[in-house]
Amino acid sequence: MSTETEVAPAPAPAKEPRGSGLPNWAVQGLVSLSAIVLALLVGAILIIVGDDQVQATVKYFGAAPMDTVSAALSAVGEAYKALAVGAFGSWTAISESLTQATPLICGGLAVSLAFRTGLFNIGAQGQLIMGAILAAYVGFAWHLPPVLHLIVAIVAGLIGGALWGGVVGLLKARTGAHEVIVTIMLNYVAIYLLAWLLTTSTFRRPGRTDPISPIVDANAQYPQIGGTRLHIGFFLALLAAVFVWWLLNRSTIGFELRAVGANADASRTAGMSVGRAYVIAMVVAGALAGLAGTQQVLGTDLPLTDGVAASVGFDAITVALLGRGTPLGTVLAGLLFGALNAGGLQMQLVTQTPLTLTTVLQAVIVLFVAAPALVRSIFRFLPKERGAGAVLAKGWNG
Amino acid sequence: MSETTPDAVPAAAPKPQAIEAPADRTRRLRVGGVMLVFALIGLGLAVFTKGGKATFQLVSGDLQNNLLGIPAQFTALVLGILGVIAAGAYLLRRVPQSYSGYLAALLGICFIGAFLCWAAAGKTFPLANQFQGTLNFATPLILGALAGVMCERAGVINIAIEGQFLVGAFTAALVSSTTNSSAAALIAAAASGVVMAWLLAVFSIKYLVNQVVLGVVLVVFATGITGFLFDQFMQPQAEKLNTPEVLSAVKIPGLADIPFIGPILFNQTILVYLTYIAVAVVTFVLFQTRWGLRIRAVGEHPKAADTVGIKVKRIRYSAVLAAGVLAGLGGAFFTVGYAGSFSKEMTAGNGFIALAALIMGRWHPIGAMVAALFFGFATQLQSQLQIIQTPIPGELLLMAPYLATIIAVAGLVGRVRAPKADGEPYVTE
Amino acid sequence: MHLELSGLTKSFGSLVANDHIDLVIEPGEIHCLLGENGAGKSTLMNMLYGLLQPDSGEIVIDGAKVKITSPSDAIKHGIGMVHQHFMLVPVFTVAENIMLGRENTRAGGVLDRKKAHALVTELSDRYGFEVDPEALVEDIPVGVQQRVEIIKALVNDASVLILDEPTAVLTPAEIDELIGVMRQLKENGTSIVFITHKLKEVKAIADKITVIRRGKVVGQAEPSASEEELAELMVGRAVDLVVDKEPAAPKDAVLRVEGLTVIDERGFTAVDDVDLEVRAGEILAVAGVQGNGQTELAEALLGLTPIAAGKISLDGQDLTGRSTRHRLDAGIGYVPEDRWHDGFVDSFSVAENLVLDLFRKPPFGNGLALRTDEIEKNAQARVEEFDIRTQGIDLPVSSLSGGNQQKVVLARELSRPLRLLVASQPTRGVDVGSIEFLHGRIVEERDRGTAVLIVSTELDEIAALADRIAVMYRGKVVGVVPSDTPRDELGLMMAGASKTQAHHEAIEHPTTLGTI
């Protein structure tokens, strides 16, 4: 054995200089925080631009500039105060934030699990809808004893989502069809399927002409907590996060999913079936999104309507991106965006700021989080991360 | 040099295939399978076609003359059987490889023909409308796909076409309402597409953000911001800000008089004419100019381009920004070219269908155009069928273009060869 | 052009790749830069070509200091480079590749393809290259691709031509041709900087030799120095150039390949009706220039490429059409050609990579659950056994050097009982110390009774390891010969000659390298 030779130098690709002594997660947290601050600034600009007071005072800006400034500051202040109050200003607010977070966490898990396997799951919306459809049907058409009815309905939801996700995985495995396109198309198919089902007699509530289903049985509803909108689905979401953590980090299946996500070629060479990994990932991801669907229809909405998915489908993507593909990160991100949604509702009520502002805030936060270099160039004191970050999704050749 | 050294010959010579490569075989079976399914559906529809005549309107608006009446069931059956033969021939490899494309086209025609006979049995189907509408709906798809071709040939994945459509539609509506000038509206729409393109370029080329992620986030951002501005400004002042002038059709004298195809191709809005020009220009630029060569080099092997002195990042910026013009114009179609006023999320996933057309067209402008026409056809067909009241419910018909996309991407295309460096940010020192 | 590099230094983080390097290249001189894998030769040349910027030091051309900040600067100053991994766009034609960057255009930026075609033809004729300007680069053989690269550099009027490991893809006869071209260029006044780690080439070609070790210049040498002296300079200690190997005592055939045919995605026949046999306790080396089907052969054995015809059996068991998983379980170990791409997952830890194809079975996997403690124990054991230099088994494997990464891959495969070991280019990009270790371990495995199939383009490696040699050319096995077959004979077979033809030819027309 050659013990005298010293370690030959590592290959030429430039290595990131070792950053500060902070662990990676702390650095990422700081970057996320900075991103949120920047996003709030962008939001502030939009609020100012849209505010009536500001528009009025701008007309005579030259004469009394301070008027405009104070109008701007008060507009932003009011709006963000409403946001904060709506998010955590009272127990009701907090419960609303958690309620909003519930489907976001599950949806986020659905997207990030697929991420780790190298798949971009934009179909959370469709998978959620399918889950909601099956769960709602079991909820209002079957009549079972308490607890059992809820469980069966939840399982139905999981199955619905799993099927819708599984199709994508199967197509990708067998035909190489890129999941970005298939999932987006399936979203639309699911939307129209839902719309049509709500016109059929099976699904339409008797006596109504608008697309709405019968209310689900009391036995099939998620029990609520303390008289608020918060229901035990929230704890199910946390449980789901633990399950995903265990799956990814402590199970053989998870090892395979992560390996395929990091390097499908090496995985194939090591005897793993890449196609099987894709299918498993999408089935589980679909089930998670289906779970989110049950939380909507059995927890908050109660009857099935064509707005059941709301914006959860795309919010789930931003949650997963902010959570950087880890279950813990996804939970935290889900809580943050849930709070944002809850606050946004309050903000719309109090200052008439459109709810779409929260969508913009979410997108901007994620944009900045995805480009830490940009955040660092704005806030120069932020340290660098150690080592290179994992590249998540791949392109068409992947 | 040794005189007996063998001449330079290829390391592995292509052989006429007595043995079929396994990859070819799986593809033949898969595509053939899909074709057979369609052929059988076509035949099935033919069997259930009602008696009577299917009348096809050959000139739009003309309900008296220029009508083509054919016996519905008979024609449908003939087409159905022909389709099955074509699919079978492909599946069983009865025809040399180079003609298999024609078989697929033949099947396509048979299926659509049989379907139309079934749907239009006993009714009048506006055929000319169908083709005119195909071109109309395909316009944003072609423009979006062309934008995608430019970006991706340079190595930048552009999932944000949907977002560019939205801002283009919004801007066109806004500018047209306030200035009453269609030209200004189109220019503004193009400019807004460039702004979104700039975001895509900066974040992906400079900040090395993963391009697929970036594209989706930009779509969410565009949806959010157009939604916000709509809620905050447009909706409350709809008469002032959201009443754009829809472009009217402009007849090209001479060309528009060619029977049947004349009115379809040459009696369209200026946006459609711009699209024709765009296809020709993009094809020429990509394959016959220096800029195009550099774009393609940068998308296939950026390191090679760098080593001969080409500025990779600059070329990528230029391609993405230029593509932004096309995408913005594509967005303008939805308001100024078709529907009029803007409404939230009105582009309904067309940006992603354009992406699918790009892939189906193998990243070639002409291929993308053909694929876009295919999707436009499906969209128009679905809307026509709603009008003539076919037995299929409207909501299910609305699924047609999306299902068509899935089938196309999964069944007909399979594994494709994108530009080699597509999606990989170019990292220098 | 008189070219002087003085004090060039380049660091990547804490790693000093080039440490105050001085180099002088006279006009019309063939100057060899000798060093093992990872010594810093390519880094130095990348700085000269403008792909990297030096931290300190200067480049002086004809007495004047110059700053080279990009390849276009380098080209302007008359420096041309032919890279080890070709900088050619595969889907472009030869003419388009050569045009790139200095396109012949008509008005408005429209390409003038006729002029480009003429230019390529003219240069190709001048040097006797026989290159077809309209051929697609991905369709032409590797040796011709290299000529295209050389034309590219010449088109830009290079007075200094850098060749980075150019002979990896050439037969000995083609190397002779390249030497001829280099001599011709030298006569025209062009200087050549020739980067290599191969001792025979350096002695055959160089006018002057500069040896680089671990980023520093450790000495100059004359081509008349012995291989042992050069190796010692290169590595820093005495190197055993021959592997200590007992003669083989092969038993029954373990691997039987009959009529194997592989057709690649583009319709070319990569492996053409190949019959092979590898016996227990012997090393069969598959020799051939890169691109003649060896890669596809290895992949077909592992089930990574579907085959169009033929049969593969292991110990009598038919493996044709079975999954890769099945073959690995049946006792085949695989060290793939491109370790970054296929060998390991670069973001996974060393420990995880050491169980990449084992994690599903006990003791590492218990049904669904992963036994992380067992994985860790295994990693400690392997790291010790294979002397893998790493700062922690939980660090990503991308932090290891090439040699240590290869050790991880081999350690993993050898950590289970094998009937057949398939190793493709086992020491590509690996430092000499690790090469010695890996070769030793492979021979050890052979001595345990495992059948070993090595695929290699390095004749030195083949000479060191093989008990029998199968030469591939254009997908066919041209012949299976004993390991003491002379290099020239092997080289001619690698270019397509039959066994007997090659035997006669080699005696009558020996090549330069063959006589060293």
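User: Which domains does the domain assignment give for chain B?

Analyst: This is a predicted model. The bounds for chain B come from a domain assignment. They are domain 1 (23–122) and domain 2 (136–389).

User: How many residues of domain 1 of chain B are in contact with domain 2 of chain B, and of which class are they?

Analyst: The C-alpha centres of domain 1 of chain B and domain 2 of chain B lie 32 Å apart. Four residues of domain 1 of chain B are in contact with four residues of domain 2 of chain B. On the domain 1 side there are no polar and no charged residues; the class is nonpolar, with four.

User: Does chain B agree or disagree with a compact globule in its radius of gyration, and what is its value?

Analyst: Chain B has 429 residues, and a compact globule of that length would have a radius of gyration near 22 Å. The C-alpha atoms of chain B fill a box of roughly 75 × 75 × 40 Å along the principal axes. The chain agrees with the globule value, and its own radius of gyration is 24 Å.

User: What share of the residues in chain B is buried?

Analyst: The secondary structure of chain B comes to 17 helices and five strands. Of its contacts with a separation of 6 or more, 77% are between residues 24 or more positions apart. A residue counts as buried if 20 or more other C-beta atoms lie within 10 Å of its own. Among the 429 residues of chain B, the buried share is 55%.

User: Which element gives the largest share of the side of chain B that touches chain A?

Analyst: In this contact, 46 residues of chain B meet 44 residues of chain A. On the chain B side, α7 (211–234), α14 (350–360), α16 (394–398) and α17 (400–413) each supply at least two residues. By class, that side has 29 nonpolar, eleven polar and six charged residues. The largest share, 15 residues, comes from α7(B).

User: How many residues does chain C give to its contact with chain B, and how many of them are charged?

Analyst: Chain B gives 34 residues to this contact, and chain C gives 48. Elements with two or more residues on the chain C side are α2 (71–76), α5 (142–155), α6 (172–187), β11 (253–263) and β12 (269–279) of chain C. The chain C side divides into 22 nonpolar and 18 polar residues, and the charged ones number eight.

User: What is the radius of gyration of chain C?

Analyst: The secondary structure of chain C comes to 18 helices and 22 strands. Its C-alpha trace spans about 65 × 50 × 50 Å along the principal axes. With 516 residues, a compact globule would have a radius of gyration near 24 Å. Chain C agrees with that, at 24 Å.

User: What share of the residues in chain C is buried?

Analyst: Chain C has 516 residues. Of its contacts between residues at least 6 apart in sequence, 67% join residues at least 24 apart. The buried share of chain C is 56%.

User: Which helix gives the most to the side of domain 1 of chain C that touches domain 2 of chain C?

Analyst: The assignment gives chain C domain 1 (3–235), domain 2 (240–331 + 418–484) and domain 3 (346–416). The centres of domain 1 and domain 2 of chain C are separated by 33 Å. In the contact, 13 residues of domain 1 of chain C meet nine residues of domain 2 of chain C. With four residues, the helix that gives the most to the domain 1 side is α8 (residues 227–235) of chain C.

Methods
Residues are numbered from 1 along each chain as its sequence is written. Chains are lettered from A and ligands numbered from 1 in the order in which they are written. This is a predicted model: local features need pLDDT of at least 70, side-chain atom pairs count only at pLDDT 80 or more; totals for chains, interfaces and linings use all residues. Two residues are in contact if their C-beta atoms, placed from the backbone, lie within 7 Å. Ala, Val, Leu, Ile, Met, Phe, Trp, Tyr, Cys and Pro count as nonpolar, Asp, Glu, Lys and Arg as charged, and the others, Gly among them, as polar. The radius of gyration is taken over C-alpha atoms; the globule rule is 2.2 Å times the number of residues to the power 0.38. A residue is buried if 20 or more other C-beta atoms lie within 10 Å of its own, exposed if 12 or fewer, and partly exposed in between; C-beta atoms are placed from the backbone. Domain bounds come from an automatic or database domain assignment.
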